[in-house]
Amino acid sequence: MFGARPLFTLFLLVFFTRCESPILNHPTAYPAANVPNDYAQLFQLSIQNKDTLLEIYGSEKRIIGRYFWGKSKQNEGYTKIQRSQNYVCLSALFARMVHELGLGNTIKAVDNLTYIPEDIALPKTCLSLQKTGILHKEALFQLKPQITFTYLLDGSGESEWKRFQNDSHSVIFVQSHLESHPLARAEWIRAIGWILGKSQESDSIFNKIQSQYTQLKKQSENITAPKKVMLNLPFQGIWYIPNRDAYFTQLLHDAHLIPVWLQNPKEFPGNGATSISIEQAVGFLKKTDLWLNLGNAKNAKEIAEFDTRLQPWSQNTDIHYFQPDKLLEASGANAFWDLGSLHPEMILSDLIHLQNQEPRTPLIFYRKL
């Protein structure tokens, strides 16, 4: 399918572009040679004479960040990346990526230490900057990080974050959560690796993830009687399900599972999620073999606590319930969200084994309720 990326892409001599990339409009003497992505749509690396360039896109491919590093002192329209040993990661996923690149000791602060899994190596002096959900700006200023990895939701906060940016501090918007393919989200480790001077290591990590995912997907094609699956429980009274082209829907398809809400090809189009009524959900449950990702339910009996209309489904022997909290820590940290996002091959492996309602292979994230 997609092959491993050769290391000589760092020294591309043939210049080629994607038609939608605005990088070539940059007024320089040398055109930029794009370093191709396999899946990711929301970042683009390129090589230009002495420098490496990075563009990051938000929704509708709008440019929200331009950065460069290399021998040039400046590059019009781009922010120069300064590397040292002082980085901030405002997400457990970003901390996971930096950790896997062997740079966990450079992370001086995260959003909330409570939700960082214990296997991510951090300095003992690492701080929480968003423990209450609100950024502690003074603490961030005092740290004087060279790079802060954060993200935007619905474009909010962009202008404020850019006011924090200066010659010695780059704010990088890691928009992996907007990617619709599991491997596209994982491929963002390449962007972070190249930024931090670990391009070969990050390419190698992603190539391995991609290879294992592709092998597992091919393996799932041998399943002759795929199971029908339902997801989630109401959250604050609203039941969300992923749309047809959403990230988790792709995982289900690649595991050869059948999303029970997608039987009508005209319903639930696009990315993201859609809310459904309890009545709709009950209709889907009547056709379900597996029910996954059940909020914070610790056992099947707790399902009815989310809505009394679900009482008949809290102990339905025709349905097998699985919850992705096997790695849940006492603090509330759950590696399913960060490790699983970076390593979708691990989630895919679990989903494939769930086709056997009593999995013979030990599961990584899921446990049976």
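1. Let's start with Arg 66, which counts as partly exposed at 26% relative accessibility in this predicted model. Its salt-bridge partner is Glu 55, and the closest N and O atoms of the two are 2.8 Å apart. Arg 66 belongs to strand β4 (residues 63–70) and Glu 55 to strand β3 (residues 51–57), so the pair ties together parts that are 11 residues apart in sequence. Is Glu 55 buried or exposed? Glu 55 is buried, with a relative accessible area of 0%.

2. A second pair worth a look is Glu 158 with Arg 62, a salt bridge whose closest N and O atoms are 2.8 Å apart. Because Glu 158 sits in helix α3 (residues 158–163) and Arg 62 in the loop between β3 and β4, this pair ties together parts that are 96 residues apart in sequence. Glu 158 has 12% relative accessibility and counts as buried, while Arg 62, at 42%, counts as partly exposed.

3. Next, please turn to Asp 254 and Lys 217, which form a salt bridge with their closest N and O atoms 3.7 Å apart. Asp 254 lies in helix α7 and Lys 217 in helix α6, so parts that are 37 residues apart in sequence are tied together. Asp 254 is buried at a relative accessible area of 3%, and Lys 217 is partly exposed at 26% relative accessibility. Returning to the pair in point 2, salt bridges with shared partners join Arg 62, Glu 158 and Lys 162 into one network. The count of salt bridges comes to 13.

4. How do α6 and α7 pack? Their axes are 9 Å apart and the angle is about 55°. That angle makes α6 oblique to α7. On the α6 side, Tyr 213, Lys 217 and Ser 220 take part, and they meet Gln 250, Leu 251 and Asp 254 of α7. By class, this contact has 2 nonpolar, 2 polar and 2 charged residues. Lys 217 and Asp 254, found at this contact, are the salt-bridge partners from point 3.

5. Now for helix α9 (residues 335–342): 7 of its 8 residues are buried, so the helix is largely enclosed by the rest of the structure. Those buried residues are Ala 335, Phe 336, Asp 338, Leu 339, Gly 340, Ser 341 and Leu 342. What do they pack against? The elements are the helices α1 (92–100), α4 (182–186), α5 (188–195), α6 (199–220), α7 (247–254) and α10 (344–353).

6. Helix α1 can be read alongside α9. In α1, 7 of the 9 residues are buried, so this helix too is largely enclosed by the rest of the structure. Ala 92, Leu 93, Phe 94, Ala 95, Arg 96, Met 97 and Val 98 are the buried ones. They pack against the strands β6 (87–89), β7 (107–110) and β9 (147–150), and against the helices α4, α5 and α9.

7. Finally, have a look at the largest nonpolar core, which has 108 residues. Which residues have the most contacts inside this core? They are Phe 149, Met 230, Trp 239, Trp 291 and Leu 351. Leaving aside neighbours within four places in sequence, Leu 351 is in contact with Phe 248, Leu 251, Leu 252, Ala 255, Leu 257, Leu 292 and Tyr 366.

Methods. Residues numbered from 1 in each chain as written. Predicted model: local features only at pLDDT ≥ 70, side-chain atom pairs only at ≥ 80, totals over all residues. Heavy atoms only, no water. Core = buried A, V, L, I, M, F, W, Y, C linked by side-chain atoms within 4.5 Å. Buried < 20%, exposed > 50% of the residue type's maximum accessible area, 1.4 Å probe, protein only. Contact = heavy atoms within 4.5 Å. Helix = DSSP H or I, 4+ residues; strand = E, 2+ residues; numbered from the N terminus. Salt bridge = Lys/Arg side-chain N within 4 Å of Asp/Glu carboxyl O. Axes fitted to C-alpha atoms, helices over the stretch in contact; angles between N-to-C directions. Parallel < 35°, antiparallel > 145°, perpendicular 65-115°, else oblique. Nonpolar A, V, L, I, M, F, W, Y, C, P; charged D, E, K, R; others polar.
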